[in-house]
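The sequence and the structure are shown first, and the description follows by topic.

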Amino acid sequence: MSAPVISVESLTGARFSDQLLASANSGGCASSSCGSSTRPDDVDPAIWDKIKDHPCFSEEAHHYFARMHVAVAPACNVQCNYCNRKYDCANESRPGVVSEKLTPDQAVRKVIAVANEVPQLSVLGIAGPGDACYDWEKTKATFERVVREIPDVKLCVSTNGLALPDHVDELADMNVDHVTITINMVDPEVGAKIYPWIFYDHGRYVGIQAARILHERQMLGLEMLSARGILTKINSVMIPGVNDQHLIEVNKWVKQRGAFLHNVMPLISDPAHGTHYGLTGQRGPNAMEMKALQDRLEGGAKLMRHCRQCRADAVGLLGEDRGQEFTLDQIPGELTYDAGKREAYRELVADERRDRLAARSEAIGMVKTTSSGKSLLVAVATKGGGRVNEHFGHAKEFQVYEASPIGINFIGHRKVEQYCLGGWGENATLDGVIAALEGIDVVLCVKIGNCPKDQLADAGIRATDAYGHDYIETAIGAIYAAESGVPALAAIA
């Protein structure tokens with residue numbers, strides 16, 4: 001008797017479109033090789049095997065796979081002017097914020113609960129809410145216990161780097177092959193404007209001396225990780241007037257020392273968050289300033305552009321947070337891990353990824369064959385799966401792509417307040433969405449009403465739902481060809 005067909009919809013609660021379901025079936029590859037045929041040509045096979053299911057280290061993977069952070073490490077050894085670690089805070093979405101702190105045993109229980117219900121889960125990270133390497137005993141205990149229960153989950157650590165060199169050997173012994181270091185400066189004079197103090201070697205340091213020690217330890221930790229073949233992502237917070245121009249130098253330094261990715265993030269400085277920068281009026285960069293800096297960094301360390309600046313207890317796909325579904329009071333006391341959903345999901349997604357890769361290659365080929373030298377910025381409302389599959393009014397963020405003679409590239413995202421609630425849209429909210437889409441030429445969504453469509457047009461932004469459920473690159477390729485006056489079929493031919 002053949003095995004029953006398991007649909008992605010039955011596994012993920014309708015997170016993917018009907019077209020995705022039609023392309024998937026109960027066959028597929030073994031979990032150890034899922035996605036291998038979707039490896040980009042410029043990525044080494046050994047590297048691809050490490051990143052293909054990691055949503056933070058692979059832009060392609062973030063369409064399909066989820067991360068989970070467990071808040072087991074509240075202690076921190078560095079004070080940052082952009083950070084205010086908050087507990088029991090469900091309404092803020094930014095690093096350092098959690099709703100509940102966990103012991104290692106509670107974390108294991110929570111990981112099993114999430115793994116049983118979120119088949120996209122592929123990565124477990126510890127990102128604080130303090131520092132994972134400073135609060136090391138809790139970090140180590142959590143990883144050791146989780147791996148005994150779910151041996152195929154990837155382990156990931158985020159750290160400020162001050163205590164990192166002390167634990168690189170242990171990270172390697174535990175097969176932690178992804179580490180994120182937050183590096184905001186390589187010049188201690190710049191660092192003194194970002195870090196009021198550090199606690200190192202039983203002492204408290206301030207000013208340039210503190211920044212110099214932190215810089216030296218960060219560079220040492222990065223070099224040690226690179227020497228052991230551990231992939232490293234560098235996070236840098238872009239702070240206008242403080243380190244925005246200096247990040248060009250940071251990019252050079254981390255590339256020379258073997259960093260795999262450089263992720264430049266915007267400063268979050270809402271005064272309500274209670275950070276030093278927020279309370280003193282330091283502004284964050286706007287979307288176009290972020291893009292301009294990232295464009296200047298092209299050619300240096302490979303850039304990550306799909307970061308969502310996750311909470312320290314985030315659960316789910318990047319761009320969503322299901323953490324409030326898995327608070328301790330909702331998790332049974334005794335749990336047994338069931339690998340069935342995660343294994344079935346990987347088999348289903350493998351076929352979808354291969355299909356999308358072929359469609360993407362075709363679309364990029366179409367764009368490259370047009371004679372137009374123009375660039376087009378396209379904002380996409382999507383639930384995931386690499387498809388145009390979200391209503392305009394339901395979107396809480398838009399993924400932004402740039403189509404140009406060199407191809408189609410993901411360049412970032414724009415967070416927005418959901419415009420339509422209960423079937424009605426608020427004009428003030430729509431104004432905010434339109435402001436967030438500054439510089440965008442075209443919006444793609446699965447459905448949009450006449451009112452928001454007309455207001456977008458008044459702002460010089462065209463919106464269309466003609467490509468609902470298509471692959472993102474397929475839709476963008478067709479639009480780019482049309483913008484260039486080339487019929488899509490002729491462009492493909």
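## Charges over aromatic rings

In this predicted model, Arg204 lies over the face of Trp197, at a distance of 4.3 Å from the ring centre.

## The chain as a whole

The chain contains 16 helices and 18 strands. Of its 493 residues, 57% are buried. Among contacts in the chain with a separation of 6 or more, 72% are between residues 24 or more positions apart.

## Aromatic pairs

Five aromatic pairs are present in the structure. In one of them, the ring centres of Phe65 and Tyr345 are 6.1 Å apart and the ring planes stand at 90°, so the pair is edge-to-face. Phe65 belongs to the loop between helix H3 (45-51) and strand S1 (66-69), whereas Tyr345 belongs to helix H12 (residues 340-369); the pair therefore ties together parts that are 280 residues apart in sequence. Phe65 has a relative accessible area of 1% and is buried. Tyr345, at 0% relative accessibility, also counts as buried.

Phe392 and Phe398 form another aromatic pair, with 5.7 Å from centre to centre and 45° between the planes, an arrangement classed as tilted. Phe392 counts as buried because its relative accessibility is 2%, and the cut-off for burial is under 20%. Phe398 is likewise buried, with a relative accessible area of 1%. Together with Tyr419, Phe392 and Phe398 form one aromatic cluster.

## Packing of helices H4 and H5

Two packed helices are described by the angle between their axes and the distance between the axes. For helix H4 (residues 104-117) and helix H5 (residues 136-149), the axes come within 9 Å and cross at roughly 40°. The crossing of H4 and H5 is right-handed.

On the H4 side, the contact is made by Pro104, Asp105, Ala107, Val108, Val111 and Ile112. On the H5 side, Lys138, Ala141, Thr142, Arg145, Val146 and Glu149 take part. The residues of this contact comprise seven nonpolar, one polar and four charged.

Pro196 is placed in the loop between helix H7 (188-191) and strand S6 (197-200). With a relative accessibility of 32%, Pro196 counts as partly exposed.

Pro196 and Cys80 are separated by 116 residues in sequence, yet their C-alpha atoms are 6.7 Å apart in space. When residues up to four places away in sequence are not counted, Pro196 touches Gln79, Cys80 and Asn81, and also Tyr205, Val206 and Gly207.

Lys368 is located in helix H12. Its relative accessibility is 49%, and Lys368 therefore counts as partly exposed, given that a residue is exposed over 50%.

Apart from neighbours within four places in sequence, Lys368 is in contact with Pro405, Ile406 and Gly407. The C-alpha atoms of Lys368 and Ile408 are separated by 9.1 Å, and the two residues are 40 residues apart along the chain.

Note on methods
Residues are numbered from 1 along each chain as its sequence is written. This is a predicted model: local features need pLDDT of at least 70, side-chain atom pairs count only at pLDDT 80 or more; totals for chains, interfaces and linings use all residues. Side-chain values use heavy atoms; hydrogens and water are left out. Axes are lines fitted to C-alpha atoms, for helices over the stretch in contact, and angles run from 0 to 180 degrees between N-to-C directions. Helices (H or I, at least four residues) and strands (E, at least two) are DSSP runs, numbered from the N terminus. A crossing is left-handed if the near helix is turned anticlockwise from the far one by less than a right angle, and right-handed if clockwise. Contact means heavy atoms within 4.5 Å. Ala, Val, Leu, Ile, Met, Phe, Trp, Tyr, Cys and Pro count as nonpolar, Asp, Glu, Lys and Arg as charged, and the others, Gly among them, as polar. Rings of Phe, Tyr and Trp (its six-membered ring) pair if their centres lie within 6.5 Å; planes under 30 degrees apart count as stacked, over 60 as edge-to-face and the rest as tilted. Buried means under 20% relative accessible area, exposed over 50%, partly exposed in between (1.4 Å probe, protein chains only). A charge sits over a ring if NZ of Lys or CZ of Arg is within 6 Å of the ring centre and within 35 degrees of the ring normal.
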